[in-house]
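Reader: Hey, can you walk me through this one? I'm new to reading structures.
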Amino acid sequence: ERLGVVRLLNFGALVVVFNWLMQRFRTLFSQPVLVLIGKHSLHTFSLHILLIFLGAPLVEYLSGNNPMAALGFVCFSIGCLYLLAMQRERTLLARK
């Protein structure tokens, strides 16, 4: 019934663990692909919303409850996000 305090403690522990992971594995979080997607985060977030709300129900409808189809959709979505970020980067560099 009173899970508010426990959830807050759980969130605090998660923040501490994530902070430690970011410091310990700094190179993992500074990969060029992640940096590029993060640099264009507004556009990639907008595309992500479209993919999730339009694509995910379609994949579920077409494939049922197949986990491989879901994994394929996730890989396709990440590829689309990267391609969008790469295209935006090229556009911005061409304007300079």
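Reader: How many of the 21 residues of helix 1 are buried?
Author: The number is 0, so helix 1 lies largely in the open. Buried means under 20% relative accessible area with a 1.4 Å probe, counting protein chains only. Helices are DSSP runs of H or I, at least four residues, numbered from the N terminus.

Reader: Ok, and where did the model come from?
Author: This is a predicted model, where local features need pLDDT of at least 70 and side-chain atom pairs count only at 80 or more, while totals for chains, interfaces and linings use all residues. Residues are numbered from 1 along each chain as its sequence is written, and side-chain values use heavy atoms, with hydrogens and water left out.

Reader: Back to helix 1, what's its reach?
Author: Helix 1 covers residues 4-24 and reaches 30 Å from first C-alpha to last, close to the 30 Å expected (1.5 Å times one less than its number of residues).

Reader: What else is in the chain, helices or strands?
Author: There are 4 helices and 0 strands.

Reader: And how much of the whole chain is buried?
Author: Buried residues are 12% of the 96.

Reader: Switching topic: how do helix 2 and helix 4 cross?
Author: The axes of helix 2 (residues 32-39) and helix 4 (residues 67-95) come within 9 Å and cross at roughly 70°. Those axes are lines fitted to C-alpha atoms over the stretch in contact, with angles from 0 to 180 degrees between N-to-C directions. The two are therefore roughly perpendicular, a label for 65 to 115 degrees.

Reader: Which residues make the contact?
Author: V33, L36, I37 and K39 of helix 2 meet L81, Y82, A85, M86 and E89 of helix 4; contact means heavy atoms within 4.5 Å.

How values were computed
Buried means under 20% relative accessible area, exposed over 50%, partly exposed in between (1.4 Å probe, protein chains only). Angles under 35 degrees count as roughly parallel, over 145 as roughly antiparallel, 65 to 115 as roughly perpendicular and the rest as oblique.
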